[in-house]
Amino acid sequence: MKNKNQSKYIFIIQVVTMVIGLVVLSVVGFAQNKPVKGTIVDKDNISLPGATIIQKGTTNGVISDAEGNFEIACPMGSTLVISYIGFKDQEVEVNSTDLGTIKLMEDFVTLSEAVVVGVGYGTMRKSDLTGAIESVDSEELKKGVISSTEQLLQGKVAGLTVIQGTGDPAIGASLRLRGGTSLSASNGPLIVVDGIPGVDFNTVHPSEIVSIDVLKDASASAIYGSRGANGVIIVTTNRASKGKNMQYQGYVAVGRASKHVDVLSANQWRAWVRENEVTEAIDYGGNTDWQKELEQTAITHSHVFTFNSGTESSGYRASVNYLNNQGVIKNTKLERLGASLSAYQFGLNDKLKLEAGINANFDKWNPFDGRIFERMLNLSPTIPVYNPDSSFTRIGGTKYDNPVEIHTNRFAQNTRHRLLGYGKAELEIIEGLKAVANLSYEYNSMQARLYKPSYAVMEGQADKGFGQRTLGDYTTMQIETYLTYDKQLNDNHKINLLGGYSYLDNTYEGFRAMRRGFDTDLFLYNNLGAGQDYRAGDVYSYKGQAKLISFFARANYNFKGRYMATATLRRDGSSRFGANNKWGWFPSASLAWRISDEPFMQATSNWLDNLKLRAGYGVTGNQDGIGEYKSLSLLGAGSDTYYDAATQTWKQSYGPIQNPNPNLKWETTAQVNIGLDFSLFSRLTGTIEVYQKDTYDLLYTYRVSSADYAFPTILANVGSLKNQGVELTLSGNIVSTKDFTWDANLTLAKNMQVIEKLSDETFQTEDVPSGSLHGIDGMSGQFSQLIAEGYPVGTFWGPLCTGIDSTGKFILADEGVSQDIGNVQPKLSYGFGTGFTWKNFDMELAMYGMYGQKVLNATAMILNNPKRLPTLNVTDSFLESGITDKVTYSSYWVEDASFLRLQSLTLGYTLQATEIGLSKIRFYVTGENLFVLTNYSGTDPEVSIEGLDNPGFDWFNAYPRPRTFSFGLNVSF
């Protein structure tokens, strides 16, 4: 009995003990696994959706949501491992249920290699590239006041020269990649926006740009055939995406002219008159700084609102922007209103994706008469702007016209409309095989309105009122369809195939009308019919059309991620080409070898992260120099009239105005490129490129014999030129800690150009003079430059000046024989940028410059004329120079225009504002054009080098470049 009771008690004790143990264990387990939350962001406090959070040593893990937030159940004291593509893994000890904001640091090397790059009709990982392609994301683009989208790339890409030759807010910058390839056609790269080639860069607002990829070599740009000789710039913009968010970006800027021409003040002029006892000098009693009379403090403000809402299956994005830039010259304001809308929709079980979008902007600005700059430097500083009765002072003679009156008594307004609409369908037929169709429509329209009232000096008074209107409309319709096949065959082999068709229709039309002799000025340019003075040529109109049809293909092969090959082929047919050359082939091929992945390189793995050698060759074309109908025989109105007996009236005669050329075709550029990509110590990445571009079949207009041709000139493909150079790009992640980061980048590029041939057995020309000096005292019919074999375009040709003698005369070497005295092309272009972040503060500095280019300071040549005083003004330096000689063109006026510009300096602070319903707020201040280091004596060494007429000329045409300070605010909702 006792044993039974003992057994019963023992059993009860065991059960109770087991239950207590289970309860304790469950309580302990519950205490150990607690919900822990946090937010994953990058160094700029931008949320990182899709980050992986795993409890170390377990399979317990979660993924951060669209806002970077996560929640995971794990024990206190455990460790979480957080990882995200392109960022360094970070371990965080769980010491609280709310870990707050966790900031990940970028893995510099991995991130750079994982970047997706636009390659034309698709994208590739940067690590898989075989061609010379450089990418710039939105954070690296130029900061500050942007009135021309091209400015974003200044100093950012090695080999891409971006020249802003004026401070006029309505004038864009010029782009040139690896030197010019043409004498008569465009030298600017092809712009591709969201897969649509040939788009006006300024159709896209700068804030809408996500990244820009620059296709430098022909192996990359040959996919664009006869449009790719000058390189290709691929722009990717913001599209509708998953999630809901709103943003505001705005700034207010204040700008002033950064430099003036140092001409004599009224007191300096009077002192010179006294010292030289000039009795015939007329002192008008004023004290006028004519430059400042035309200038103002420019207030600029910009505002951008964006809205995005998207789900897994559909979404939209809308943006509205406004810019008002007053300009530092009075009455030269630019206003721009723009908007964009994009949407997407998935269907057929997510195998079909439809996209549509539209970008539009409207510009309005007031153009000025460029002659005001000459007049403001001509007029005596003693002449007042106004007479005592408040009327404008008039001295008489065109050189003495009051620039303030010219500028004020002029009614001019230009408007420009840009519209880009697109629709895109992408269908996954089978795994890896996609069909894409892209339809786009681009419309550009520009109207110019001008009226010079009958009381205005110059043309207005002489014509008794002058009115003019012009209109130009340009439309481009494109259809592009292609198939892509992407397949990983096994662990070692990967292929990507592309084949497609493109159709382009470009139409342009316009007119101009002008009248004189108005009885009233009230109508301005709005009633040209009221003008009673009509002359031949006052009205004309035009229209033209061109079509381009293309077939293209590309194949990419990747073996083990170590050996890569790419081949492309494009066939273009253009209505612009002659009958014998309607179609052209444009092939390319490139190879890449990732040396760092070879087994024999394993010993370097602790410091060499990546080493890849690339080589490519390709052929591209440039058809922009062939206008519509240039291969045909054309008739036009002649200078004579004839009597038509049937109607008994005199009629306009017609005759040949263009010779036919059935052999007319595109300019061809063959380019070889060798590149080396490297990454060191997980801190430094870089690229070295060496290239040679040989351009042949250059287009030029040649004089021909009247015995063989009906018209004295013909456009023909004859010449050739060569560009060769080397480029270096470096990016460094110098410091990267939780609270502090420091990055830097450097670009260097050297390009050398030479014209190799201008003539052949059919068409010949002597050396071609260019850079006319007409308009300078005593230099009618003289030229400053020479286009000649063996020299680059823009070569200054004239006497070498070795100094000024004791009598003030120029000393010319070799008895004044003309020779090469420099050229407009830089020997070296460079850019440098660096950025810091410390906690929520950030700072960014950007500089760029050019070395070795020459500029003709024609302004100084004109102003340093001893004949000018006392009637016209001169520079301060003229009084110190001792010059007594007449105006003489020589190397004395061709100056070294090398410079280094502090482009921008930005200081910002980012504030997390979730407690007030906002995602974040960023405040910043930016200074632009803070200084320029140069020995150039003019107002600014950055002078346009476009065209053949006056490249590298500083000739009274420099709208002052402003120094600007911006105060900005970005808010994310």
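Student: Leaving aside neighbours within four places in sequence, with which residues is Ser502 in contact?
Tutor: In this predicted model, local features need pLDDT of at least 70 and side-chain atom pairs count only at pLDDT 80 or more, while totals for chains, interfaces and linings use all residues. Residues are numbered from 1 along each chain as its sequence is written, and side-chain values use heavy atoms, with hydrogens and water left out. With contact taken as heavy atoms within 4.5 Å, the partners of Ser502 are Ile479, Glu480, Leu548, Ile549, Ser550, Phe552 and Arg570.

Student: What is the length of the polar contact that joins the side chains of Ser502 and Glu480?
Tutor: A polar contact is a pair of N or O atoms within 3.5 Å, where within protein one must be able to donate a hydrogen and the other to accept it, and residues adjacent in sequence count only if both atoms are side-chain atoms. For the side chains of Ser502 and Glu480, the polar contact has a length of 3.0 Å.

Student: Is Ser502 buried or exposed?
Tutor: Ser502 belongs to strand S25, a strand being a DSSP run (E, at least two residues; helices are H or I, at least four), numbered from the N terminus. Buried means under 20% relative accessible area, exposed over 50% and partly exposed in between, with a 1.4 Å probe and protein chains only. Because its relative accessibility is 4%, Ser502 counts as buried.

Student: Which residue in S26 is the bridge partner of Leu498?
Tutor: Strands pair if DSSP finds at least two bridges between them, and S25 (residues 493-516) pairs with S26 (residues 539-559) in the antiparallel sense over 21 bridges. Within S26, the bridge partner of Leu498 is Arg554.

Student: In the hairpin of S26 and S27, which residue takes a positive phi near 60°?
Tutor: S26 also pairs in the antiparallel sense with S27 (residues 563-574), over 12 bridges, and Ala555 stands opposite Ala567 in S27. This hairpin has three residues between the strands, and the residue with a positive phi near 60° is Lys560.

Student: Is Asn349 buried or exposed?
Tutor: Asn349 is found in the loop between strand S20 (334-347) and strand S21 (352-365), and although a residue other than glycine, Asn349 has a positive phi near 60°. Because its relative accessible area is 76%, Asn349 is exposed.

Student: Which residue does a cis peptide bond join to Leu869?
Tutor: The loop to look at runs between helix H9 (858-863) and helix H10 (876-881) and contains Pro870. With omega at about 5°, the cis peptide bond joins Leu869 to Pro870.
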